Amino acid sequence: FRRTLMTAALVAGGLLASTGALAQFAERTIKFTNGVNEDHPVGVGVKKMQEVLAAKTGGKMKIAAFWGGAAGGDLPATQALRAGTQEMVCTSSSPLVGIVKELGAFDLPFLFANEKEADAVLDGPAGEYFNKKLEAAGLVNLAYWENGFRNLTNSKKPVAKAEDFEGVKLRVMQNNIFLDSFKTLGANAVPMAFGEVFTALETRTIDGQENPFVTIETSKFSEVQKYLSVTRHAYTPFLVLYSKKLWDQLNPQEQAVLREAAREGQKVQRAANRALNEKSLANLRKTMTVNEVSAAEQKRMLEKVKPVYDKNVPNIGTEAVGVVTDALKKVRGG
Ligand code: TK8
């Protein structure tokens, strides 16, 4: 009997403690937008965030997610975050170079060789360096998630060597380094928001685009593209951003639980993305003509875009590029 009483007292105490803790959280519905569809692994990451928030705040903090660009593109959403009219966006780093020029470091072609390098750079002090720059621009980066290594699709021909870019009208992100890179490779590169890409491909306004396998599949570009060339020319991370203006209105407990949720989300999002990568490629093979680009040809492409480095590194900032290349040296054991 004493034991039961004690247990009851402990349970009551625990409940009280957790009710007390819950009082720290206000009822909030956080608007989260992004350009990919819900079946992209970003969906897995957001679901995890929702679960963590539900468990830790007793359902008080919620995320309302909008998919497929239904609530607008990444760049306007990011501006809404800066203005304090929207809480969250998951966006590629690339369209944000007009806001934080240092992010251009991630757009330099053939910078990362594999996911291990990307994780080491992004989750270490280098990632922190960019987080500080983002914060100064009104954006709190809760975590780096993964879009993946980018590959080329087009409706005209297999691209196996640098010369094959000639005559391909290619959508690039709204990013001067991508624009320069693909122009230098010989393509007719046109900047365009992600939300316009499917229709532009379908109507043949453009011949091609470049994105990771999983994004190509989940955004259904494979339905309107014939050739997939495995170039792996860039790894542009996803940023999971929160409006600094609105962040500053949260209390430390709310901030901590959001950071935790984004980190938990990162684990499952990256794992899902990597598990899906090969599966997506296999699915794309069913309808597309796939060619691998040899290491030697990737190297020739890199040599051809060398002037893009020379021209853009000063604009990005030698400090920012140095932060990334130093971190890369470290992970490469140099
Ligand atoms: C999704 C975008 C997209 C990006 C692009 O919102 O624009 O090509 O790679 O995946 O962030």
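This is a predicted model: local features need pLDDT of at least 70, side-chain atom pairs count only at pLDDT 80 or more; totals for chains, interfaces and linings use all residues.
If you box up the C-alpha atoms along the principal axes, you get roughly 80 × 45 × 40 Å. Of the 334 residues, 45% are buried. As for contacts, take those with a separation of 6 or more: 79% of them join residues 24 or more positions apart.

Let's zoom in on helix α3, residues 74-83. Which of its residues are buried? They're Asp74, Ala77, Thr78 and Leu81. These residues cover an arc of only 100° around the axis, which puts them on the same side of α3. And what do they pack against? Four strands turn up there: β1 (28-34), β3 (88-92), β4 (139-145) and β10 (238-243).

Now over to another helix, α11, residues 295-304, which is where Leu302 sits. Buried or partly exposed? Leu302 counts as partly exposed, because it has 17 C-beta neighbours inside 10 Å, and the buried label needs 20 or more. Setting aside neighbours within four places in sequence, Leu302 is in contact with Pro109 and Phe110. And if you want a distance to check on screen, go from Leu302 to Lys62: they're 240 residues apart in sequence and 45 Å apart in space, C-alpha to C-alpha.

Notes
Residues are numbered from 1 along each chain as its sequence is written. A residue is buried if 20 or more other C-beta atoms lie within 10 Å of its own, exposed if 12 or fewer, and partly exposed in between; C-beta atoms are placed from the backbone. Helices (H or I, at least four residues) and strands (E, at least two) are DSSP runs, numbered from the N terminus. The arc is that of the directions from the helix axis to the C-beta atoms. Two residues are in contact if their C-beta atoms, placed from the backbone, lie within 7 Å.
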